[in-house]
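I opened the notebook with a few plain things to look up. Here is the model I worked from.

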Amino acid sequence: MEQQRNRVAIVAPALNAYSETFIQAHKERLNAQIHYYYGGFLPLYLEHYGKLMSRSALWSVKIRRKLGFTTFNVNETAFISSLKKNKIQLVLAQYGNTGNRIVQICKHLNIPMITHFHGYDASKFSVIEACKNYKEVFLYSSYIIVVSILMEKQLTELGCPKEKVIYNPYGPDPSFLDIKPLFTKTTFIGLGRFVDKKAPYYNILAFKQAVDQFPHARLVLGGQGELFEVCKNLVRYLKIEDNVIFPGVLTKEEFSGYLSEGLAFVQHSVTAIDGNQEGTPVAILEASAAGVPVISTIHAGIPDVIKDGETGFLVPEHNVDAMAEKMILLIENKLKAMQMGKNGKERIATHFTLEQHIHKIDMLIDKAIYGNL
C-alpha cells in the first residue's frame, strides 16, 4: 500500500513568477501533496481553487470581529479556514516576510512552519526592520532554510538559533546538465531581472571594452525590469546596438539554446544601496551546469558556486575594468573557456543538484511534522 504523502501548504507572494523557478521546483518536485497559496505575503488565493474569501463568509467574519470572537481579519480567517479544510500538516513559507506575515496563523493552528529565505528578505534593511528582525519567525519556525553561506551568517547575526539554520543551495533543472556546449559563437549571455542588485548596466559597460577590441562579439541580456529601458538607452549611447540583444524573458529552451552556442555567462551582481542582495542566482547554477564558464562578482552566494579561476572568474563588485579583462581573456582563449565550463559542469553535478536540494527539504518536512522518529 502506498504511503500517504504529507499535506503541505506552500505560501508564496506570486503564482508563477518567471524569476522564481526555485519555488516552482518545490511545488512540482517535493514528495508531498502540495496546496499552493499565493497573492501576497498573506495569501488570497489557492491554486486550482481560486479566491479564499467568499462573499457569504465576509459578513460573518466582520460580525464575529465586532463581537470580539476573533482577532483575525477576513483574509486571515479565510486562510485559516482553508488550512483547516485541507488538513494541512506543515506550511512552507517562501521568503522571510511571508513567514513573518503568517507566523501567528500557524501558531494559532499549531501547524509547524519552515521558512525559506531567498535573498532580499535576508538583506534589505527596510524589509528586515518591518519584520522586526524576524524575531517571531525565528522563534516559531522549525527550520530556517538559507541558500548561501553569507545568508546563514546574516540570519544568525539577527538572532536566529544556529541549530535551526539549514544551508541548502538551489539546484538547476537537470536538463541543463545534458547541454553539450559547442562554443561556436563569441557571445556572452546574461539572464535576470533588470534591477539594482543585478546591475545589468555593468555588463554592458564591461562588454563595450571587449567589443572595442573584438567587433564581432555579442552580448545577450535576457529578462525584464525597471532598468530595462535604461540599459537599452546605454547601449544606444555607446553605439553598440548591433552587438547587444535584448530578447526579453527567455524560456528554459531559449536560454539553453544561447548557452549551447555561447562563450560565457555574465552577471555583475552588487549590493544595492538599500542593502538588497542576491541569494544564490539560479541562472548562474544553470549556466555552470550547462558547461559554460561564468564571469560574475564576489557577491552573496555566487562564490559558493563559482570557483575563481577554475569554473569561471569572480571580480569585485563595481569593478567594470576587471570584468572586461575577463571577457577579453576568454575571447582570446576559447580552450580555457571550454576547460572552465567542463570544471563547472562537474562541480554542479557533484555539489548542487536539484535532487539534493529537494531531498533535503523533504527530510526537513518529515522532521518538522513527526520529530526525529
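Before sorting any lining, I noted my classes: Ala, Val, Leu, Ile, Met, Phe, Trp, Tyr, Cys and Pro count as nonpolar, Asp, Glu, Lys and Arg as charged, and the others, Gly among them, as polar. I also reminded myself that this is a predicted model.

**Entry: the cavity.** I looked for cavities of 30 Å³ or more and found one. The largest cavity holds about 90 Å³ of space. Around the largest cavity I listed G190, L191, G192, R193, F194, K198, P200, N203, L221, G222, V266 and Q267. Two or more lining residues come from each of β9 (187–191), α8 (200–213) and β10 (218–222). By class, I get five nonpolar, five polar and two charged residues in that lining.

**Entry: the cores.** Which residues have the most contacts inside the largest nonpolar core? I114, L155 and F265 do, in a core of 62 residues. I followed L155 past its neighbours within four places in sequence, and there it touches F117, A122, F138, I144, V146 and C160. Another core lies apart from that one, with 39 residues, including F183, I204, F246 and L330.

**Entry: the whole chain.** I counted 15 helices and 14 strands. The radius of gyration is 22 Å, close to the 21 Å that the globule rule gives for 373 residues, so the protein is as compact as a globular protein of that length. Along the principal axes, its C-alpha atoms fill a box of roughly 75 × 45 × 40 Å. I find 56% of the 373 residues buried. Among contacts with a separation of 6 or more, 71% join residues 24 or more positions apart.

Key: Residues are numbered from 1 along each chain as its sequence is written. This is a predicted model: local features need pLDDT of at least 70, side-chain atom pairs count only at pLDDT 80 or more; totals for chains, interfaces and linings use all residues. Side-chain values use heavy atoms; hydrogens and water are left out. A nonpolar core is a set of buried Ala, Val, Leu, Ile, Met, Phe, Trp, Tyr and Cys residues joined through side-chain atoms within 4.5 Å. Buried means under 20% relative accessible area, exposed over 50%, partly exposed in between (1.4 Å probe, protein chains only). Contact means heavy atoms within 4.5 Å. On a 1 Å grid over the protein atoms alone, a cavity is a set of points where a 1.4 Å probe fits but cannot get out, and a pocket is an open set with protein on both sides within 12 Å along at least five of seven lines; lining residues have an atom within 4 Å of a point. Grid points are joined across faces, edges and corners, and a volume is the space filled by probe spheres set on the points. Helices (H or I, at least four residues) and strands (E, at least two) are DSSP runs, numbered from the N terminus. The radius of gyration is taken over C-alpha atoms; the globule rule is 2.2 Å times the number of residues to the power 0.38.
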